Amino acid sequence: MEEKKAKKRTSAKTLQTAREAGYFGKKMLANTRTAVEEGRPVAWSMVDWWLGVPICKAMGVEMVFPENWSAFCAASRTAEPNLEYSEMDGFPNTLCGYARNTLGYARKLKDNNYVIPPDSPGGGLPKPNFLLGCGAVCDARYKWFQAMGRYMDVPVWMLEFPQVGYKEYYLPGNKEKTIKFLVDELKAFVAFLENLLNKKLDMNKLSELVQIMFQTNKIAHEVDLLRKAVPSPMVSQDFWAVMTAHFYLADDLEAQAFYQRVYDEVKHRVDNKIGAIPNEKYRMLFAELPPWHTLGFFDEMAEKHGIAFVFESWNYHVPSPLTAEERHGISDPLELLARFSYHKFHEMAPVAREHDIDPIIFVAPYLNYVKEYRGDGLMGHPLLSCRPATYTLMHVRNLLMEKFKVPSVIVEGDIIDLRVFNEEEAYTKMDAFIETMDYHRELRKKAGLDW
Amino acid sequence: MSEKKGLARAAEIYAKSEQYARELKNQGKKIAGYYCCYVPLEMLAAVDYVPVRILGDMNENITSADTYLPTVMCFFYRSCLDLAMKGKYDYLDAFFGAHSCDGAERVSYVWRSYLKYACNFNIDIPHTVHPPAIEYFKNQLEAMKETIEEKTGQKISDERLAAAITLYNKQRGLVRELYALRKADPPPISGTEVLQVLVAIMYMPPEEGNALLAEILEEVKNRPVTAQKKPRLLITGCLIDNISFTKLIEDSGFNVVMDDTAIGSRSFGHDVAVTGDPLGSLAERYLDKIVCPRTFRETGKNRAEDLENRFGYLRKFVEDWKADGVYLNIIRNCDPHGYEIPELKYYFEEMVNVPVLAIEQDYSTASLEPLRTRFQAFAENIE
Ligand code: SF4
Ligand code: SF4
């Protein structure tokens, strides 16, 4: 009988730096636990695209990110018991998997008198002094933390995060009014923190952190630019590992030095035309959140079909740096933060306008990536438990085909929930997709598209 | 359409809403479709658009939407887009989307990427009621106003806006009067009839809607009450736009006496203050006064305060309408309401002492029947 090869769960990663990146997730967790021991404040935060986190750090608050920790739990396949706890408490199993993982964990923490249960993945998260929610991208981002009230009994702050359509973006004055709104909201957040922690925000300290953050993100952006090279010097498996450093720790000098090493390693590959995978035959994009529990899938695709996943996950990428013109005359770090985060969400407005489509987030970026990174196809990954990263996948698929004759393959799954990822089906679909990519390459050639 | 009056007319418009809207269009009216209860209708009425609430259809299989939207999302908005892609909203002259929740926001963007209108605007609704958020929302309304003015060539003067505010305040007041009648036991109007009335007026020019409401109030006040005394139910959560559902609930042993949904009291609960700053008043009313879990309310110092801030208004509904039970309606995959389930249950069952039934349903009449036994069991428990 033919022996079935066991499918790989974790990804091998092609960059040395990517193999070392796990350190940063552990560092964040350890820092918060040390802070609690030393009586310093700790907060759990949603990803807020750098808006409120540097302010918290400047106030001496150690930050930890349940989204990051939950991805870790998924990758180590330790989320299941937490998911069950949250369902037992009445949370629907259709809610965000990350949310259910931490709601279940928070219940355990409460049941254990807020002593971290010894079996907690990565050493666990300590009880926070407050929770920092955010209005960007998804309703879970604020509802989840509010729902945590039943276990944590600590205040929640909700950072506003405007998302406007491309038509509205171009209305005269709209951008500046929106930035002003963000700045006013950040001031209100500072007042909340000062009141809660009974100390003043040191603006110089914040300015310093903002500059570090800008620099780290600049390096991360430069890495993104390098990835346009053929063959691809860095694939999605690498990116999902290294991104922790810029996404969660952009204001940390150690993370910045690490990202510089990522840059150097990728640059070396580009200069020497070294591909991340041998025999790159197909260049694919991936949208949006990956199946953390089965990243080995991407290595197998490389091995079997020569597929390099060359770019991915708009959500996780830094925008280009603010232009000198945009920064001109602005010294207030709150305004710089507001402008940068707003820029992340609206940078692709010109692309949306060019094609007369919405939204700017999650959709327009792919119309840009597909050209810039010479994508032969897109793998769309609709998630059972993350609608925000799923709502627009079919829309992206339609637009890539309509505008660029680039096909997509849709493989359903989840960030956390193993039950819905049908690996066999995923492999079969990918096998069949190869021909589709070949066929559309020809069509693009005939249509005069240059990849 | 026929010349029926009062509740009979409301029932007819409810049943044939699309035909009714097309007739308006044939009479030369301009029709503006809008999402949810956060779009200020006053702005649309001020340029003589007939605002038409975009709704789904629980009777229709979703097929066309599969090309544009994933299956893992709110079936209400999937259904809305499905109908639009099948041409059932092709009579719209203008389109107003809103970021009331992620689902609404993304679907409105997908919608307007494929279906183009001379006039369209997407309102970004902040998630808090902080003073800067209300100011931002007001700026959005200003931008919406300018867009409408530019596209229609009509000026929305303060006077026109004030007149529209008065008209809609009248409508909201009439609906509240109707709701007040439901405080009687048994109520003189059923939840099913109320739903027909509300959907009907969401399709009618406001003056006509107001005239119909006045007729209905007279009718309801003067007709003999035939309903039996039964456990009194408050419905909260995701909207219900199909009477098959309210009928099923009422046939299972309840009188539906009050609701807190986007087609019900959330749309009609509060007036717009008449001030010298109509846009400011609109911003205040639509963002702050409408209470929906899509808007974050400050948690306060602890959980007890948080619960009161979030659900205190519902307790008042329960007290004023003497509800014996609360039904929390969740359309599957709805995040804003889904996260509320455990705390809302806790609040009512442990703090107010009123039982709660929470059901996740699929927004399809085909899947309603199995719910009947759950409502029956809930009613029996209360009796
Ligand atoms: S974006 Fe998705 S995964 Fe992230 S918090 Fe929101 S629902 Fe959860
Ligand atoms: S049911 Fe929920 S997800 Fe659907 S439109 Fe309403 S709030 Fe949004």
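Hello everyone, and thanks for coming. A few ground rules first. Residues are numbered from 1 along each chain as its sequence is written, and chains are lettered from A and ligands numbered from 1 in the order in which they are written. Because the model is predicted, local features need pLDDT of at least 70 and side-chain atom pairs count only at pLDDT 80 or more, while totals for chains, interfaces and linings use all residues; side-chain values use heavy atoms, with hydrogens and water left out.

Let's begin with chain A. How many helices and strands does chain A have? There are 21 helices and eight strands. By helices I mean DSSP runs of H or I with at least four residues, by strands runs of E with at least two, and both are numbered from the N terminus. The chain has 451 residues, and for that number a compact globule would have a radius of gyration near 22 Å; chain A has 22 Å, so the two agree. That radius is taken over C-alpha atoms, and the globule rule is 2.2 Å times the number of residues to the power 0.38. If you turn the model along its principal axes, the C-alpha trace of chain A spans about 65 × 60 × 40 Å.

How much of chain A is buried? The share is 65% of its 451 residues. Buried here means under 20% relative accessible area, exposed means over 50%, and partly exposed is in between, with a 1.4 Å probe and protein chains only. Now take the contacts in chain A between residues at least 6 apart in sequence: 79% of them join residues at least 24 apart. A contact is a pair with heavy atoms within 4.5 Å.

On to the charges of chain A. The chain has 55 positive and 61 negative side chains, with the centres of the two sets 1 Å apart. Lys and Arg count as positive, Asp and Glu as negative, and His and the chain ends are not counted. Each charge is placed at NZ of Lys, CZ of Arg, CG of Asp or CD of Glu.

Now for some backbone details in chain A. Where is there a cis peptide bond? One joins V230(A) and P231(A), with omega about -5°. P231(A) sits in the loop between helix 11 (203-226) and helix 12 (236-242). Next, two residues with positive phi. K13(A) is not a glycine, yet its phi is about 65°. You will find K13(A) in the segment before helix 1 (16-20), and it is partly exposed, with a relative accessible area of 25%. D153(A) has a positive phi too, near 55°, and is likewise a residue other than glycine. It lies in the loop between helix 8 (149-152) and strand 4 (156-159) and is partly exposed at 40%.

Let's move to chain B. Its secondary structure comes to 16 helices and eight strands. With 383 residues, a compact globule would have a radius of gyration near 21 Å, and the 20 Å of chain B agrees with that. The C-alpha trace spans about 60 × 55 × 45 Å along its principal axes, and buried residues make up 64% of the chain. The 46 positive and 56 negative charges of chain B have mean positions 2 Å apart.

Chain B also has a cis peptide bond, joining D185(B) and P186(B), with omega about -5°. P186(B) is in the loop between helix 7 (158-181) and helix 8 (191-201).

E12(B) lies in helix 1 (residues 6-15). Is E12(B) buried or exposed? E12(B) is buried, with a relative accessible area of 9%. Leaving aside neighbours within four places in sequence, E12(B) is in contact with M1(B), S2(B) and K4(B). K25(B) is found in helix 2 (residues 17-26) and counts as partly exposed at 29% relative accessibility. Which residues does K25(B) touch, not counting those up to four places away in sequence? They are I31(B), Y91(B) and D93(B). K25(B) and D93(B) are 68 residues apart along the chain, with their C-alpha atoms separated by 9.3 Å.

Last, the cysteines. A search of the whole structure finds zero disulfides over all chains, a disulfide being a pair of cysteine sulfur atoms within 2.5 Å. For C80(B), the nearest cysteine sulfur is that of C74(B), 7.7 Å away. C80(B) is buried, with a relative accessible area of 0%. Over in chain A, C138(A) is buried at 6%.

That's my tour, and I'm happy to take questions.
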